Amino acid sequence: MAASVLSSPADRAGAVLTVDLAALAENWRLLKRRAGAACDVGAVVKADAYGLGLEPVARTLKAAGCATFYVAHLDEGLALRPILGAGPRIVVMHGPNPGTERDFAAHGLIPVLSTVGQVRSWRSFAMANDVLMDSLVQIDTGMNRLGLTPAEFTALMNDPDGFVGLTPLALMSHLACAEIPAHPLNKQQYERFTSALSAFRLKFADVKGSLANSSGLFLDKALHYDLARPGAALYGVNPTPSSPNPMIPVVRLSAKILQVRRVDAASPVGYGATFQALDGAKLATVSMGYADGLLRSWGVSGHAYIDDLRVRVAGRVSMDLTTFDVSDAPDSALGPSAMVDILGTRQTVDDLAKASGTIGYEILTALGRRYHRRYLPAPGSSAAQK
Ligand SMILES: *Cc1c(COP(=O)(O)O)cnc(C)c1O
């Protein structure tokens, strides 16, 4: 920001996003205790750490003891390496696009190899350059999204040159229904993964297994294997949707009220005039809309809080503005510094997701770039100096 700007970012912004790094660290430790000492509990920090900020999140988790970080894209890995320094493992889950192998090697980024093409090109790259570098081999065990198909894996296993030149750290797969413990696919994926892992260990004796995401860590310990890849739970999303949330909330979001008005007669509110305010109703408009990650679908029946008072969305969410019916709020609660709490203890990420017809993951990753971001420090960490 230009030096001639005299106001503070907090004063300029329309809303404040607070990220509690102490809660983040505590959530990682909670997962670590669940998984037990033998399991390397990493952290998935793709998509800017689920929208919460790669740098402060990664620094906090490293300070808490996390030693393996997972991103989706090579660019995310390249951004993460200088933040973490040389020590921690960085796994790039989408693996190398053709021609990018040398950047993995140069920055010590571990590729996940999910296609026959990726296995082949990594193999030739490793052999041509005499590179002995870890990789993960991903197989599909029933989700049909990404990973070697059973036929491709078998063909590579039966080909004496199939995996030659690779030094795989782990065999990996991903659970499709981990948040539904009774879903039969969990057992099927477990069985397929276990059998593929045993076969793979005949070639690579010490290779590790990696299957569990956040919810996977709340399934039977047999599914934890050696490398766990939790993301959402670290950020406070409930990994066990049918039971109370074992995680600590990490995110708070409060919007400033730009204007309060009282309507003199029953009147429509917002685009499309979809909401009728009653005669004498009080309305408050906040400086936040769908460009900031509030979904339009939330407008239909969503609500937020002013202190303990629940206030409902009045009409459609616009790009930069949202209006609430605050008729029940005393004028003393609507003063110049009044805020409407969108996320916090009264409305969690999961609550807001439910009210918007989506999941907490989408709420977090949709969080906008225009907030003033406050990072509450984790004790003993320098992560929050920002
Ligand atoms: C995103 C992702 C994860 C993390 O999943 P959560 O449900 O957020 O814990 C783990 N593994 C893979 C392959 C992923 O894409």
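Trainee: Which helices and strands do the buried residues of H5 pack against?

Mentor: The buried residues of H5 pack against helix H3 (46-50), helix H4 (54-64), strand E4 (68-71), E5, helix H6 (101-106) and strand E6 (109-113). Packing here rests on contact, meaning heavy atoms within 4.5 Å. The model is predicted, so local features need pLDDT of at least 70 and side-chain atom pairs pLDDT 80 or more, while totals for chains, interfaces and linings use all residues. Residues are numbered from 1 along each chain as its sequence is written, and side-chain values use heavy atoms, without hydrogens and water.

Trainee: What makes H5 a helix, and which of its residues are buried?

Mentor: Helices are DSSP runs of H or I with at least four residues, strands are runs of E with at least two, and both are numbered from the N terminus. H5 covers residues 74-84. Its buried residues are Leu-74, Glu-76, Gly-77, Leu-80, Arg-81, Ile-83 and Leu-84. Buried means under 20% relative accessible area, exposed over 50%, and partly exposed in between, with a 1.4 Å probe and protein chains only.

Trainee: How do you know that the buried residues line one face of H5?

Mentor: Seen down the helix axis, they fall within an arc of 165°, so they line one face. The arc is that of the directions from the helix axis to the C-beta atoms. On the other side of H5, Asp-75 and Pro-82 are exposed.

Trainee: Why is the pair Asp-40 and Arg-89 called a salt bridge?

Mentor: The term requires a side-chain nitrogen of Lys or Arg within 4 Å of a carboxyl oxygen of Asp or Glu. The closest N and O atoms of Asp-40 and Arg-89 are 3.7 Å apart, so the pair qualifies. Asp-40 lies in strand E2 (residues 40-41) and Arg-89 in strand E5 (residues 89-92), so the pair ties together parts that are 49 residues apart in sequence.

Trainee: What makes a set of residues a nonpolar core, and how many residues has the largest one?

Mentor: A nonpolar core is a set of buried Ala, Val, Leu, Ile, Met, Phe, Trp, Tyr and Cys residues joined through side-chain atoms within 4.5 Å. The largest has 117 residues, and those with the most contacts inside it include Val-45, Leu-80 and Ile-342. Helix H2 (residues 21-35) gives the largest share, 8 residues.

Trainee: Why is this core said to lie between domain 1 and domain 2?

Mentor: Domain 1 (21-235) and domain 2 (251-347) both give residues to the core, so it lies between them. The domain bounds come from an automatic or database domain assignment. Apart from this core lies another, of 7 residues, among them Val-263 and Phe-275.

Trainee: How many residues does the protein chain have, and what share is buried?

Mentor: Buried residues make up 52% of the 386 residues. The chain has 11 helices and 19 strands.
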